[in-house]
Amino acid sequence: MVEFGTLVLNGQPIELEHLHLLSTGLGNVRLGPLLAERIQKSRKNLLRHVAEGRQIYGTNTGVGALFTLSVPESEQPALSRNIVLSHACGVGDPLMPRTVRAIMFGAICNLSQGYSGVRLELVERLADFLNHDLLPIVPGSGSIGSLTHMAHIGCALMGLGTCQLRGIDMTVAEALKEVGLEPLELASGEGLSIVSGTPSIVGIGGVAALKAQRLSDIADLAASLSFEALRANPDSLDPRVHEVRPHPGQGAVARRMREFLEGSEMLSRENLQDCLSLRTTPQVHGGSRQTISRASETLEVELNSATDNPLIFEDKVLSACNAHGEPMAQCLDNLTVALAELGNISERRTDRLLNYRINGLPPFLADNPGLQSGLMIPQYVSAYLVSESKVLSHPVSVDSIPMSAFQEDHVNMGTLSALMALRVAINLEKILAVELITARAALRFLRPLSPAPRLQQAVDLLDSLVPPITEDRMLGPDITLLADYLGAGGSL
């Protein structure tokens with residue numbers, strides 16, 4: 001439940017919208033009494049198993065290929081610290097603040113399932129970081145699952161590294177003093193629990209899926225504007241077409257487009273068959289919409305899962321591998337393809353809007369063609385982004401490189417799947433921005449015919465965000481501004 005902007009986790013199902021709330025910094029999180037009790041019980045079970053002399057991976061043994069080596073009780077806190085420090089070897093540009101928040105929320109969800117054996121204090125400290133907007137600087141490259149990304153977050157819990165506090169760069173030590181917190185000293189077993197599990201995949205993948213949900217809606221609207229600007233034949237949207245091929249995504253897109261286009265004066269049945277980039281919009285968008293839905297459902301299952309290793313039960317400690325990200329890696333690969341296809345068909349519609357040899361509109365929608373290039377070059381930008389997205393659509397989940405002296409001989413690259421899906425989603429924001437700007441420009445040349453009332457509202461909002469283009473100017477800022485608006489959840 002959400003109370004006054006605070007998400008209280010107390011055993012209820014966790015949804016992607018909860019991740020949206022926390023990842024965008026729109027709310028706080030705290031643990032309810034049920035989860036607090038569950039976490040404390042799990043810690044007691046772990047300590048009892050240790051006291052009874054059981055070998056527990058990562059608590060009183062080494063990790064990876066070193067699992068055969070025992071660690072005495074007195075050195076187990078040092079083992080936790082060393083696991084975090086040794087795993088904090090990420091490289092490259094840092095993750096975006098939103099994804100860092102999402103990863104920390106994913107870690108809270110994982111650890112609060114009550115099968116990790118960590119102290120309540122550790123989970124509450126992750127919540128403190130989120131609630132103070134204290135975000136560790138996390139290098140983006142090097143994590144095959146959650147190991148590296150979460151290790152850098154674990155270092156911050158211990159007071160190490162750098163961070164942003166409410167958007168201001170500083171050391172973690174300085175930030176902790178600013179918010180009145182002490183560095184956390186890790187206890188036995190906690191180091192492995194921090195770096196284990198799938199919080200990075202579910203966090204980054206969740207941000208990508210949330211973007212995908214919103215962008216699939218924007219894509220339907222952009223396609224509807226292009227339908228009008230190209231005076232498309234509405235027969236391809238007829239409900240009877242989609243009733244006899246009842247894929248739910250396809251039918252939903254056709255229905256949405258009919259609603260957008262209701263009252264339009266521009267549609268025409270003059271062409272018996274429009275080009276495929278117009279005529280197959282319900283099929284292509286609908287397929288992507290269904291894939292996005294499946295990915296979102298998989299990520300929600302993961303948010304409600306215990307993905308640590310080992311798992312602490314009352315009667316036994318089980319070393320297994322819920323930390324393997326394969327279920328999400330596969331669905332995130334598919335999500336990347338779905339997003340790439342939305343961009344692919346959008347760019348084709350943009351090209352159609354600009355191809356004066358076949359569309360009957362002024363060359364490149366310029367008021368003075370020749371002197372002006374109009375919107376010729378933004379389509380090049382879309383083409384670049386589409387090409388990049390196609391390359392990024394190579395499946396990551398089929399890849400595996402043996403690690404840790406062949407102890408970990410089949411690993412997933414789920415974090416890379418999530419990062420690629422997110423990157424393609426960001427590309428799609430820009431591709432759709434170009435189509436929207438181009439379709440809006442084309443509509444000017446069809447006056448006095450009027451767009452559908454709902455689409456006129458979208459055009460009016462576009463005009464308020466990005467001024468109409470009547471002469472050549474630098475268009476990169478326009479595309480970026482609109483893409484950022486869409487990326488922030490803006491609607492049209």
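**Cavities and a helix pair**

Student: By class, what residues does the lining of the second largest cavity have?

Tutor: That lining has four nonpolar, five polar and one charged residues. Glu 302 is in the lining, and Glu counts as charged (with Asp, Lys and Arg), while Ala, Val, Leu, Ile, Met, Phe, Trp, Tyr, Cys and Pro count as nonpolar and the others, Gly among them, as polar. This is a predicted model, where local features need pLDDT of at least 70, side-chain atom pairs need 80 or more, and totals for chains, interfaces and linings use all residues. Residues are numbered from 1 along each chain as its sequence is written, and side-chain values use heavy atoms, leaving out hydrogens and water.

Student: What makes this space a cavity?

Tutor: On a 1 Å grid over the protein atoms alone, a 1.4 Å probe fits there but cannot get out, and lining residues have an atom within 4 Å of a point. The second largest cavity holds about 40 Å³, the space filled by probe spheres set on the points.

Student: Which element gives the most to its lining?

Tutor: Helix H4 does, with three residues; helices are DSSP runs (H or I, at least four residues) numbered from the N terminus.

Student: Why are H18 and H19 called oblique?

Tutor: Their axes, which come within 10 Å, cross at roughly 120°. Angles under 35 degrees are roughly parallel, over 145 roughly antiparallel, 65 to 115 roughly perpendicular and the rest oblique, so H18 and H19 are oblique to each other. Axes are lines fitted to C-alpha atoms, over the stretch in contact, with angles from 0 to 180 degrees between N-to-C directions.

Definitions and conventions
Helices (H or I, at least four residues) and strands (E, at least two) are DSSP runs, numbered from the N terminus. On a 1 Å grid over the protein atoms alone, a cavity is a set of points where a 1.4 Å probe fits but cannot get out, and a pocket is an open set with protein on both sides within 12 Å along at least five of seven lines; lining residues have an atom within 4 Å of a point.
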